Amino acid sequence: MGKLRFLNAGESHGPALTAIIEGIPSNLRISSDYINRELSRRQSGYGRGGRMKIEKDKVEILSGVRFGLTLGSPITLMVKNRDWENWTEIMAVEGQPTEKREILNPRPGHADLAGGIKYGFHDLRNVLERASARETTTRVAVGAVCKQLLEDVGIKIGSYVISIGELSVEKEIQNMPLEERFERAEKSELRTPFPEEDGKFKKIIDLAREEGESLGGVFEVFATGVPVGLGSYVHWDRRIDGRIAQAMMSIQAIKGVEIGEGFRLSEKFGSQAHDEIFHEKNKGFYHKTNRAGGIEGGMTNGEPVMVRAAMKPIPTLMRKKSLRSVNIKTKETFMAAKERSDVTAVPAAAVVGEAMLAIVLADALLEKFGNDNWIEIKKRVEDYRKYIREF
Ligand code: EPS
């Protein structure tokens, strides 16, 4: 990371989730309505479990903003957990441990077992409370601040779902412009660019729910209006593709990340894999194809940044389809299962992916253009865009 950093904290069933962002320059206009819209986008999507009926995430900005403008000081964001009122005893900060809702049965595919051994917990609730994807709420809030910064210099971020389980719209979107994919996805309950196909997706999700199963999928995140030269080739940890991959891979349940055509490029000849370079007066250099996903040599190349991520099925399964595991106290085999879970959270993960991309790009932008006063920085970005056109 460059100049922008954030920490987040909070347990899934604790009182609240918080984040502190440091490195957002002064004089940037941000609104909590904007952040709340992003929070609610993350909560939508067909296939979520009962918890989403409880939570209506709303941000409280506790520092770093005055009269709608950032102060350059750390920005504290807080989202309360509504479910907390049902967990005050089980998740109490003080008092005596309770066996209520104790978890001794580690779920295959979850952090439960490795986390319990690593941190020395026999009640695995201590692990899952923080390993939970509830944590992504504050990533989306931080991402929403970064998005407002990026949008102010013409950089837009969006996402859409490509597949859930084996059902894919990959072929159908080939010739659809990016903005259209996004606009259509905003109207879909599954975030696919084909809201008219929602019925088909709902059917496989309903079937999975009946079976006690869960489903993974693939989503794509993009950024348009990104200037040439964010990130760098000069050192491994400055490469923007590496930074994006780390950010995406850090989202719970993500098992694969691709930039541009990614793995598919490996099957092509060089002459079919790379994007030819063209030039036009007033426009400058450009490419007609974007197989590289907007990144060459660890730097943005001016084309849309395209990132794909694959999410595995959620490890929490319901009674009917649970997997074998071993009780950590008795060492007896049992069937790992839970009462409440999401069937799929791919549409939500896509929104988290947008936030992570926004955080990485905002960081890289500030690294290149400065840190203190947004008014100055914005001017520098505008001058640089002119320089690129005339280069
Ligand atoms: C999650 C399990 C479920 C999800 C949760 C992530 O929560 P619970 O165990 O309370 O039913 O609903 O997601 C969220 C709460 C959220 O805001 O996205 C998990 O184990 O990761």
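Modeller: Let's start with a term: two strands pair if DSSP finds at least two bridges between them, and a strand is a DSSP run of E with at least two residues, numbered from the N terminus. This is a predicted model, where local features need pLDDT of at least 70, side-chain atom pairs count only at pLDDT 80 or more, and totals for chains, interfaces and linings use all residues. Residues are numbered from 1 along each chain as its sequence is written, and side-chain values use heavy atoms, leaving out hydrogens and water.

Biologist: How do you know that S5 and strand S6 pair?

Modeller: S5 and S6 (residues 69-71) share two bridges, in the antiparallel sense, and at least two is what pairing asks for, so they count as paired. Arg66 stands opposite Leu69 in S6.

Biologist: What makes the sheet of S3, S6 and S5 open?

Modeller: The order is S3-S6-S5, with antiparallel pairing. Strand S3 (26-29) and strand S5 (65-66) each have a single partner strand, so one side of each is left without a neighbour in the sheet.

Technical notes
Helices (H or I, at least four residues) and strands (E, at least two) are DSSP runs, numbered from the N terminus.
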